[in-house]
Amino acid sequence: MNITQKGNIATLSDLHGFSADRTFDCGQCFRFDKAGEGWQGVAFGKFATFTQPSPDKLIISPCTTNEALDWVNFLGLNKDYSIKQAEILSAAMAHGAGEVMSAAMEAGDGIRILRQEPWEALCSFIISQNNNISRIKKNIAALSASIGVKTACGSGYAFPTPRAICTAGEEELRRLGLGFRAKYVLHAAEMVAFGELDLDAVKNAGFEQGREMLMAIKGVGPKVAACALLFGFDKGEAFPEDVWIKRSLLRLPAGFTPGIFGENAGLAQQYLFYLERYEKGK
């Protein structure tokens, strides 16, 4: 991969195995929306538009020279996914699931696991409970616009800090549309703001310990914890199970367990989700 800079536009070329459309449209992130030929939104308090004119090229704007590598990391472009794909398929074939997994990988080819900001990912998936993607996006956009701060370029809002959410209080969170989830987001904010939960410690912990730490938050069960760990804490062994994944697992041999994929379980989950939700679910 090569990075060239012209003004506030960065161009990434010689890309392999990346699809902006599939990456931003597979349910792992709620801050980016389709805009013309690209995707635009906010991550880590920065606004950007990602346009992919060809499979091997990505244009990022606005983007300074110093920010380009941050976006590369966010998009997971500094990892060799061909190795991961080979490992996933090998494990699936060894357990009689090769045909289904091959179809899922073909359907979701180009998906990358985004490395999202841990606090935002945690809250986003608390908000996702018994919710649909459209409303989740609206809830998070309203929360950010009301309590967050405007990005440096003036477009979009950063996700609010734990202390900002504590200051807003449950009534304001409910007014912004969070409903019953308001008390859970507030409890998470209080735990982080007052030192009961150290997000860096969660990131540095093993998967099981990290899950236990997150599940100390009211309203955070196994699925929300797994989503947060996978998309916000870089725990690749997490395998969130929602209704789509449960349907997908019915296609696999009896006794099949996601644990066979090891640290690639989360990526395998995204392929299966994409196949079930966007190919079979249409």
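Begin with helices H6 and H7, which cross in a right-handed manner; a crossing is right-handed if the near helix is turned clockwise from the far one by less than a right angle, and left-handed if anticlockwise. Helices (H or I, at least four residues) and strands (E, at least two) are DSSP runs, numbered from the N terminus. The model is predicted: local features need pLDDT of at least 70 and side-chain atom pairs count only at pLDDT 80 or more, while totals for chains, interfaces and linings use all residues. Residues are numbered from 1 along each chain as its sequence is written, and side-chain values use heavy atoms, with hydrogens and water left out.

**First stop: H6 and H7**

Select residues 162-175 for H7; H6 and H7 pack at an angle of about 130 degrees, and their axes are 11 Å apart. Because of that angle, H6 is oblique to H7. Axes are lines fitted to C-alpha atoms, for helices over the stretch in contact, and angles run from 0 to 180 degrees between N-to-C directions. Angles under 35 degrees count as roughly parallel, over 145 as roughly antiparallel, 65 to 115 as roughly perpendicular and the rest as oblique.

Next, display the side of H6 that carries Leu-143, Ser-146 and Ile-147, which are in contact (heavy atoms within 4.5 Å) with Ala-164, Ile-165, Ala-168, Glu-172, Leu-173 and Arg-175 of H7. By class, this contact comprises six nonpolar, one polar and two charged residues. Ala, Val, Leu, Ile, Met, Phe, Trp, Tyr, Cys and Pro count as nonpolar, Asp, Glu, Lys and Arg as charged, and the others, Gly among them, as polar.

**Second stop: H5 and H8**

Select H5 (residues 118-127) and H8 (residues 182-193), whose axes are 9 Å apart at an angle of about 155 degrees. H5 and H8 are therefore roughly antiparallel, and their crossing is right-handed. Show Trp-119, Cys-123, Ile-126 and Ile-127 of H5, which meet Tyr-184, Val-185, Ala-188, Ala-189 and Val-192 of H8. This contact of H5 with H8 has nine nonpolar residues, with no polar and no charged ones.

The largest pocket holds about 490 Å³ of space. Centre the view on Ser-128, Asn-131, Lys-223, Asp-242 and Phe-273, the closest to the pocket centre of its 23 lining residues. H6 (133-147), H11 (222-232), H12 (243-249) and H13 (265-280) each give two or more residues to this lining, which divides into twelve nonpolar, eight polar and three charged residues.

On a 1 Å grid over the protein atoms alone, a cavity is a set of points where a 1.4 Å probe fits but cannot get out, and a pocket is an open set with protein on both sides within 12 Å along at least five of seven lines; lining residues have an atom within 4 Å of a point. Grid points are joined across faces, edges and corners, and a volume is the space filled by probe spheres set on the points.

How many cavities of 30 Å³ or more does the structure hold? There are two. For the largest, of about 50 Å³, select the lining residues, including Cys-29, Phe-44, Phe-74 and Glu-120.

**Last stop: Ser-13**

Finally, select Ser-13 in strand E2 (residues 9-13).
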